[in-house]
Amino acid sequence: MTVTLLPTHDREALLTWYAANRRRSRQLFDLVAPEAYTAQPIPLRHPIVFYEGHLPAFSFITLVRGSLAGKALDDSLERLFQRGIDPADARTAQRAQPASWPPRERIREAAQRWDEAVLEALRNEPLERITPAAYTLLEHEQMHHETLLFMLHRLPTGELRKPQGYEPRMDGARPVRHRVKIPAGRVTLGAARDELDFGWDNEFEACREKVAEFSIDAHSVTNDDYLAFVEHGGEPPPFWVRRGHHWALRALFEVIPLPLAWPVYVSRDQAVAYAAWKGARLPTEAEFHRAAYGTP
């Protein structure tokens with residue numbers, strides 16, 4: 001997923017971005033079979049139903065009620081969907097759940113009203129009044145697209161519906177393994193508050209770091225690379241499935257033969273263990289920026 005920073009005077013770009021976000025959200029929720037709508041694939045997160053209400057409610061609350069001091073359109077649903085949870089354990093997460101969730105039809109009706117109010121504000125309100133809130137809600141929804149896909153991946157494959165015409169792309173040659181030498185230099189991490197129209201709290205303030213010369217793999221670690229580690233006793237990735245003497249991959253909609261050329265999908269602890277097994281380590285944030293961008 002990519003995010004393009006836009007000038008604050010580009011009202012049409014903000015409207016286009018919001019419409020694209022809402023379209024992608026609908027596509028993601030439409031992947032879920034009706035019987036799985038209230039499922040809770042990850043115990044420390046809300047059930048799926050929560051997020052279909054949370055995304056438009058958060059946008060409305062942030063922009064219309066927050067920045068513009070507007071009135072609630074559905075006070076009870078706005079309280080229910082205003083924010084997610086960040087519990088310490090599964091028991092705490094369960095205590096945060098309501099006794100029952102509203103019907104999907106009511107959630108979608110409220111979402112349509114919230115969307116209409118947000119779009120009206122984006123079209124008509126002075127840009128200096130809406131810009132910080134607009135960036136907040138636009139980036140917030142895109143971040144949830146990533147976490148929603150992670151949640152949906154945890155559902156049984158029978159509880160997800162393939163989009164029409166979808167077929168996984170299984171082809172692709174394994175990249176030739178080689179390393180790139182990165183010369184010593186400086187990187188800037190974060191940003192100055194007066195340089196951006198919007199930023200999250202963990203993006204400030206900017207800091208400069210010196211990075212010594214190092215070398216780094218030119219390509220991501222593949223399933224084929226990691227397979228050798230597993231065969232030597234390493235921990236299998238979370239979505240690998242053993243099929244007799246072979247490994248398969250539990251993709252979003254089905255279990256497929258392990259695509260050896262694909263980048264491996266592992267936890268950070270597994271990545272650290274693999275790197276150590278190879279006599280290497282993961283790059284620091286500064287090294288990653290130096291390799292990816294040089295010295296901006």
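**Salt bridges, a bent helix and a buried arginine**

In this predicted model, Asp 30 forms a salt bridge with Arg 108 (a salt bridge being a side-chain nitrogen of Lys or Arg within 4 Å of a carboxyl oxygen of Asp or Glu), and the closest N and O atoms of the two residues are 3.2 Å apart. The pair links distant parts of the chain, since Asp 30 belongs to helix α1 (residues 11-30) and Arg 108 to helix α5 (residues 104-124), 78 residues apart; helices (H or I, at least four residues) and strands (E, at least two) are taken here as DSSP runs, numbered from the N terminus. Asp 30 is partly exposed, with a relative accessible area of 38%, and Arg 108 is likewise partly exposed at 37%, where buried means under 20% relative accessible area, exposed over 50%, and partly exposed in between (1.4 Å probe, protein chains only).

A salt bridge is also found between Glu 52 and Arg 104, with the closest N and O atoms 2.9 Å apart. Here too distant parts of the chain are linked, with Glu 52 in helix α2 (residues 48-67) and Arg 104 in helix α5, 52 residues apart. Glu 52 counts as buried, at 8% relative accessibility. Salt bridges that share partners join Asp 30, Glu 52, Arg 104 and Arg 108 into one network. The side chains of Arg 106 and Asp 74 meet in a further salt bridge, at 3.1 Å from N to O. Within the structure as a whole, 15 salt bridges are present. Arg 106 counts as partly exposed at 34% relative accessibility, whereas Asp 74 counts as buried at 14%.

Residues are numbered from 1 along each chain as its sequence is written. Local features need pLDDT of at least 70 and side-chain atom pairs count only at pLDDT 80 or more, while totals for chains, interfaces and linings use all residues, and side-chain values use heavy atoms, with hydrogens and water left out.

Helix α6 (residues 127-152) has 26 residues and reaches 36 Å from its first C-alpha to its last, close to the 38 Å expected at 1.5 Å a residue, the expected span being 1.5 Å times one less than the number of residues. This helix bends by about 30 degrees at Ala 133, the bend being the angle between axes fitted to the seven residues ending there and the seven starting there. Thr 136 also lies in helix α6 and counts as buried, at 15% relative accessibility. Leaving aside residues up to four places away in sequence, Thr 136 touches Phe 58, Thr 62, Phe 198 and Trp 200, a contact meaning heavy atoms within 4.5 Å.

Arg 250, found in strand β6 (residues 246-250), is buried yet has no salt bridge, and the nearest side chain of opposite charge, that of Glu 159, is 7.9 Å away; Lys and Arg count as positive and Asp and Glu as negative, while His and the chain ends are not counted. Among the residues that Arg 250 touches, not counting those up to four places away in sequence, are His 153, Pro 156, Phe 239 and Val 255.

The chain as a whole comes to nine helices and seven strands, and its C-alpha trace spans about 60 × 50 × 40 Å along its principal axes. Buried residues make up 40% of the 296 residues. Of the contacts with a separation of 6 or more, 75% are between residues 24 or more positions apart.
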